[in-house]
Amino acid sequence: AGHIIKVYDHPSGSTSDDWTQITVLTDIVNEEIIISSFESSFNNGKIDVDFHEHNGLDGKISRITVIKP
């Protein structure tokens, strides 16, 4: 719990293009969490996905960052 994962369209991690922040809300052990699209925001009680739209992100991820709690 507490990890923050960010996926970006821009290779430098700029937020001037599409990006999505995934916040892990609870400890996830021996469970697979599937995010079928980075282009929608949702919360399923285990993760919170927050999409920031510009012109589309799916299939165009150029950078991923992971921040530990």
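User: How many helices and strands does the protein chain have?
Analyst: Zero helices and five strands. Keep in mind that this is a predicted model. Going along the sequence, the pattern reads β-β-β-β-β.

User: What order do the strands take in the sheet?
Analyst: They sit in the order 3-4-2-1-5, in an open sheet with antiparallel pairing.

User: Which ones are the edge strands?
Analyst: Strand 3 (42-43) and strand 5 (63-67), each of which pairs on one side only.

User: OK, how many bridges join strand 3 to strand 4?
Analyst: Two, and the strands run antiparallel, with strand 4 covering residues 47-52.

User: And what stands opposite N43 there?
Analyst: That's D48, in strand 4.

User: Switching to overall shape: what radius of gyration does the protein chain have?
Analyst: 12 Å. A compact globule with 69 residues would come in near 11 Å, so the value agrees with that. As for the box, the C-alpha atoms fill roughly 30 × 20 × 15 Å along the principal axes.

User: What percentage of the residues is buried?
Analyst: 26% of the 69 residues.

User: What about contacts, how many join residues at least 24 apart?
Analyst: 53%, counting contacts between residues at least 6 apart in sequence.

User: Now the surface. What does the accessible area come to?
Analyst: About 4400 Å², and 47% of that belongs to carbon and sulfur atoms.

User: Last one, charges: how many positive and negative side chains?
Analyst: There are 5 positive and 11 negative ones, and the centres of the two sets lie 8 Å apart.

Definitions and conventions: Residues are numbered from 1 along each chain as its sequence is written. This is a predicted model: local features need pLDDT of at least 70, side-chain atom pairs count only at pLDDT 80 or more; totals for chains, interfaces and linings use all residues. Side-chain values use heavy atoms; hydrogens and water are left out. Helices (H or I, at least four residues) and strands (E, at least two) are DSSP runs, numbered from the N terminus. The radius of gyration is taken over C-alpha atoms; the globule rule is 2.2 Å times the number of residues to the power 0.38. Buried means under 20% relative accessible area, exposed over 50%, partly exposed in between (1.4 Å probe, protein chains only). Contact means heavy atoms within 4.5 Å. Accessible areas come from the Shrake-Rupley method with a 1.4 Å probe; for residues, only the protein chains shown count as cover. Lys and Arg count as positive and Asp and Glu as negative; His and the chain ends are not counted. The place of a charge is taken as NZ of Lys, CZ of Arg, CG of Asp or CD of Glu. Two strands pair if DSSP finds at least two bridges between them.
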